[in-house]
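I would like to walk through a few local features of the structure now on the screen.

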Amino acid sequence: MTIRIFNPEHDIALASNMERFTAPHAGRQLRSDLGYLPAFWADEGDVVIVDDIDFSESAYRRAKAERKPKVEFCTMEQIAHVLSSSAIAPDIDLWGWDLAIRFQLAKAGVPEESLPSKDSIQKLRRLSGRQCTTDILKKVRSGIESNTCGESTYYVDYDLFLNAIQNKMVVVKAPWSSSGRGVRYFIEEELPKNSLNWASNVILQQGGVMVEPLYNKVKDFGMEFRHCADGSVKYLGLSLFQTMNGAYTGNVLATENVKREMMSKYISLGLLDEVTARLERELAVLLSSLPSEKALENICFGVDMMIVARGDADGFLLHPCVEINLRRTMGHVALALSPMDDTKEGAMAINYDSKRYHLRVKY
């Protein structure tokens, strides 16, 4: 049996690094309204933890999906009762591991052998920091620089940071943040004081900031992966998504063949496949430092990328590693909801109607 959980407040919990963490209202509501999402990639008989069983059952029943396995919905308070019927410690599959969700599960009665150690979560947190993208980006681009772009520098000293961004158009990012909240754009000649204060506070609280050039972005997309029990990293599929002001708005729902055809309009599929293979290799090396624990097997995660217009010629460049999200992403939801027929195409979005968040799926 696998217990599955949607904890979208994970990024903020990771930044806080506290067990007794209270998510902002929006994070709590997103978890409450969309808690049924893991059912789409669950196996028959799995348990999905939700806040409201009746609402989740109704939303899951109404959702458009080609695959809808039969699962059991229960609340966090009911986990102990569910576990009492099995002598085997459950597997745990969630959006992302942090101290807060570990604390919640332990308090609810999940046995320690099903949970990662606190030290392991700290190691996973360090690997989740944006500064880890710097080395990966360099290695992935090595030898294919003419068809790719991307650079990033991590600053731990505010004065060095300030000197580096003078008279440049850059994007500054906090090591840990959620949905674009930890990102600031410096695009004016006169540096905005409120953004400088923000950067100073991030360096003080999180240890540093990432600085990247501001590119002429044409298209967002990503690749989804799984860290397997044998230590390898397996590519799962493309995620073609949209954002607004840095926040996620929706995904294309299509087969891998159709999505690859869409991407071929910008870059060669040979380049795309080469980057995929390099990421599988380099990400496996990155994650090899994680302890060998049951809870850390089969972690799903994503790498954000983008297509960039060439500045000096026609055509496009591939930025192969804008960000590594060591957690599930909405791209994984899209993969679970995507059609198996090349002739069928749709879209997935998360909407808010002033009362609740809703999953919208159209084919």
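Let me begin with K362, which is part of strand β16. Please bear in mind throughout that this is a predicted model. How exposed is K362? Its relative accessible area is 62%, and because the cut-off for exposed is over 50%, K362 counts as exposed.

K362 also belongs to a group of charged residues. Together with R61, R62, K64, K68 and R360, K362 forms a positive surface patch. Which elements give two or more residues to this patch? They are α3, spanning 53-62, and β16, spanning 357-362.

Let me stay with β16 for a moment and turn to the loop that joins β15 (346-352) to β16, where S354 is located. The phi of S354 is near 80 degrees, which is a positive value in a residue other than glycine. Most residues other than glycine have a negative phi. S354 is exposed, its relative accessible area being 56%.

A second residue of this kind is N17. Its phi is near 60 degrees, again positive in a residue that is not glycine. N17 sits in the loop between α1 (10-16) and α2 (25-33). With a relative accessible area of 27%, N17 is partly exposed.

I now move to strand β6, residues 170-173. Which way do its side chains point? V170 and V172 point one way from β6, while V171 and K173 point the other way. Are these four residues buried or exposed? All of them are buried, the lysine K173 included.

The neighbours of β6 come next. β6 pairs with strand β7, residues 183-186, in the antiparallel sense, over four bridges. β6 also pairs with strand β8, residues 209-213, again antiparallel and over four bridges.

Finally, I draw your attention to a pair of glycines. G246 is placed in the loop between β11 (241-244) and β12 (247-253). G246 is partly exposed, with a relative accessible area of 38%. How far from G182 does G246 lie in space? The C-alpha to C-alpha distance between G246 and G182 is 9.5 Å, although the two are 64 residues apart in sequence.

That concludes the tour, and I would be glad to go back to any of these residues on the screen.

Methods: Residues numbered from 1 in each chain as written. Predicted model: local features only at pLDDT ≥ 70, side-chain atom pairs only at ≥ 80, totals over all residues. Heavy atoms only, no water. Patch = residues over 30% accessible without salt bridge, like charges linked within 9 Å, V, L, I, M, F, W, Y side chains within 5 Å. Areas by Shrake-Rupley, 256 points an atom, 1.4 Å probe, with all protein chains shown as cover. Salt bridge = Lys/Arg side-chain N within 4 Å of Asp/Glu carboxyl O. Lys, Arg positive; Asp, Glu negative; His and termini not counted. Charge placed at Lys NZ, Arg CZ, Asp CG, Glu CD. Buried < 20%, exposed > 50% of the residue type's maximum accessible area, 1.4 Å probe, protein only. Pairing = 2+ DSSP bridges.
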